[in-house]
Amino acid sequence: VSYDTIFSQNVNIQYLDNQITGNYLDFSLIKNILIISKNVVYTNPENILKADVIELDTITKDTKIFMHNYSKKVIVKSRN
């Protein structure tokens, strides 16, 4: 029995004024982890962030944002 759910193509998560889009979403009920990857864009009223992966612990709300290639950097732009 698999406790992972995978979505692909045009993943869109909205919460209040926050939006995360990407190509893939992997949600694990056992690990309580949500992983959004490939062409990830996080937006809120103040910022736009671009990365390869956003990993979110659904219990603690701890978030990791990173690139697969360590020589590349996460891009954060202010909307102001």
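A salt bridge, as the term is used here, is a side-chain nitrogen of Lys or Arg within 4 Å of a carboxyl oxygen of Asp or Glu. By that rule the count comes to one salt bridge. The side chains of Lys64 and Glu55 form it, at 3.9 Å from N to O. In general, side chains of opposite charge can pair when their charged atoms come close.

Before I continue, a word on the basis of these values. This is a predicted model, in which local features need pLDDT of at least 70 and side-chain atom pairs count only at pLDDT 80 or more, while totals for chains, interfaces and linings use all residues. Residues are numbered from 1 along each chain as its sequence is written, and side-chain values use heavy atoms, with hydrogens and water left out.

Burial is stated as relative accessible area: buried is under 20%, exposed is over 50%, and partly exposed is in between, with a 1.4 Å probe and protein chains only. Glu55 is partly exposed, because its relative accessible area is 21%. Ser37, by comparison with the cut-off, is buried, because its value is 19%.

Ser37 is found in strand β3; strands are DSSP runs of E of at least two residues, and helices are runs of H or I of at least four, numbered from the N terminus. Contact means heavy atoms within 4.5 Å. Leaving aside neighbours within four places in sequence, Ser37 is in contact with Gly22, Asn23, Tyr24, Asp52 and Val53.

I turn to the interior. A nonpolar core is a set of buried Ala, Val, Leu, Ile, Met, Phe, Trp, Tyr and Cys residues joined through side-chain atoms within 4.5 Å. The largest one has seven residues: Val11, Ile20, Leu25, Leu34, Ile36, Val40 and Ile54. Strands β2 and β3 each give two or more residues to this core, and β3 gives the most, with three. Ser78 is in contact with Glu46 and Asn47, leaving aside neighbours within four places in sequence. Ser78 and Thr21 are 57 residues apart in sequence and 18 Å apart in space, C-alpha to C-alpha.

Finally, which residues lie nearest the centre of the largest pocket? They are Tyr15, Asn18, Ile20, Tyr42 and Leu56, and the lining has 14 residues.

Definitions and conventions. 1 Å grid on protein atoms, 1.4 Å probe; cavity = no way out; pocket = protein on both sides within 12 Å on 5 of 7 lines; lining within 4 Å.
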